[in-house]
Amino acid sequence: MTATEDVLATAERMWEGGFLGSDPVTNLGSGMAEVADGVAFVPSFANVSAVTTDDGLVLVDVGSQFLSGEVHSTLRAWTDLDVHTAVYSHGHIDHVFGMHRWEADAEVHGRPRPRVVAHEAVADRFDRYIRTAGYNTVINRRQFGVDNLEWPTEYRYPDRTFRDRLDIEVGGLRAELRHDRGETDDHAWVWLPDRRVLCTGDLFIWASPNAGNPQKVQRYPLEWAAALRRMLDLFDAPGGGPEVLLPGHGYPIMGADRVRQALDETAELLESLVAQTLECMNSGARLDEAIHTVTPPAHLMARPYLQPVYDEPEFVVHSVWRLYGGWWDGNPATLKPASEGAVARELADLSGGAGSLADRALTLLAAVDDDPAGRENVSTEDMLRLASHLAELAWLAAPGDPAVAEARRTVFTRRAGTATSTMARGVFTWAARES
């Protein structure tokens, strides 16, 4: 089986649901596929797409710190063309840290440095990353469980930027760049009309959209859906719409009907979550009610490309609330709260000590094991959530108590083991290790 056949066979199995529950980010992939005439796709921690032109290669994204070397060698085995232009789909570090390898090629061959094109907000993102390098180190260690991760403070800034739309031509290749907010405020997606190839960046990632990441800056779920609808408009354009979708993570989608379905249903999921959350907000509900009543459409959550393996629809509710309603959750006690430790100590005193809270947390875990279907009016998920609250309160009240710490470790180890998403699993694993 050739490299192309292997990648496309994997893509077919993904579409048929053969990898349900797999994470498109931590599933690094390997190999390369030539998905259209002169268009190569390299699956990686963040995917890289390459197009041959008379003036050199055009890349959409350039790879991550850790795997850009593998991407570079893979493409070098496919073509000896140097890079003329690289487009950043957005400024996340898994997409923008391979330029030095292509710049080294240009230097060796005595050619001009490759041009980098991106949305104008990418530079602002890099500036922010430099200011918040410590915070980003902490949260990404927590999210991905990489203890030695150090957030970078040096970036290859774009040479040319645009605001809404930029059409470029390189060596006979036409590329239409469009800006839309979605996972980020600096996102660009790329349409190659002559090849009928759509490069979505992270506006499609083979998972429930990363529109609610609990540790990262604001996402834009409704604008994200609108971006996907604009991609669908390409099907009404002269010459026909996309026959190939190349995502920021995951594998290609081949065939116009499948591309149309994936874009439409991802937009539908986001639109539903936003509409339900806004309905709660407009009725005067608290965030708590929205979290526990907004439900993603079941037929969409059955799709292999909308599984909650990286982010989760529940987290999108938080993102919508923060975008339209601010940071307060509607609970008057949380507007100007006591410290978490003070609340925990008070509740521990009322309940007979931190040990009592910890014991109750473990009792709830045992109840889940004894009755996996849940108790009357209390699901197993609710019991796990309650156990988490009690274990955390016990630990805040008595952080030096070894038995309390062990109970907390036990509870959050269980939560990590049952979590479906990278986001939740990372936080719960961090809590268990901290204990």
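Which residue of β11 is the bridge partner of V190? In this predicted model, in which local features need pLDDT of at least 70, side-chain atom pairs count only at pLDDT 80 or more, and totals for chains, interfaces and linings use all residues, that partner is C199. Residues are numbered from 1 along each chain as its sequence is written, and side-chain values use heavy atoms, with hydrogens and water left out.

The pair belongs to an open sheet of 6 strands with mixed pairing, arranged in the order β8-β9-β10-β11-β12-β13; here strands (E, at least two residues) and helices (H or I, at least four residues) are DSSP runs numbered from the N terminus, and two strands pair if DSSP finds at least two bridges between them. The edges of the sheet are formed by β8 (165-170) and β13 (253-254), each of which pairs on one side only. Strand β9 (residues 173-179) runs antiparallel to β10 and is joined to it by 4 bridges, with H179 having A188 of β10 as its bridge partner. The strands β10 and β11 (residues 197-201) are likewise antiparallel, with 3 bridges between them, and L192 has V197 of β11 as its partner. The hairpin of β10 and β11 has 4 residues between the strands, and in it R196 takes a positive phi near 55°. By contrast, β11 and β12 (residues 244-247) run parallel and are joined by 4 bridges; V197 stands opposite V244, while C199 has L246 as its bridge partner in β12.

In soluble globular proteins, nonpolar side chains tend to be buried together. A nonpolar core is taken as a set of buried Ala, Val, Leu, Ile, Met, Phe, Trp, Tyr and Cys residues joined through side-chain atoms within 4.5 Å. The largest such core has 69 residues, and those with the most contacts inside it are L177, V190, V197, L228, L246, I253 and L263. Helix α8 (residues 256-282) supplies the largest share of this core, 10 residues. When residues up to four places away in sequence are not counted, L263 touches L198, L228, M231, L232 and L245, a contact being heavy atoms within 4.5 Å. Another core, of 27 residues, lies apart from the largest one and has L57, L59, Y129 and W151 among its members.

D61, with a phi of about 70°, lies in the loop between β4 (56-60) and α2 (68-78), and at 2% relative accessibility D61 counts as buried. W206, with a phi of about 60°, lies in the loop between β11 and α7 (221-233) and, at 3% relative accessibility, also counts as buried.

Pockets were identified on a 1 Å grid over the protein atoms alone, a pocket being an open set of points where a 1.4 Å probe fits, with protein on both sides within 12 Å along at least five of seven lines, and lining residues having an atom within 4 Å of a point. Grid points are joined across faces, edges and corners, and a volume is the space filled by probe spheres set on the points. The largest pocket has a volume of about 2000 Å³, and of the 46 residues that line it, I291, E314, H318, H389 and F428 are the closest to its centre. The largest share of its lining, 10 residues, comes from α14. The second largest pocket has a volume of about 670 Å³ and is lined by 36 residues, with I93, N140, F144, W151 and K216 nearest its centre. Its largest share, 5 residues, comes from α6.

Definitions and conventions:
Buried means under 20% relative accessible area, exposed over 50%, partly exposed in between (1.4 Å probe, protein chains only).
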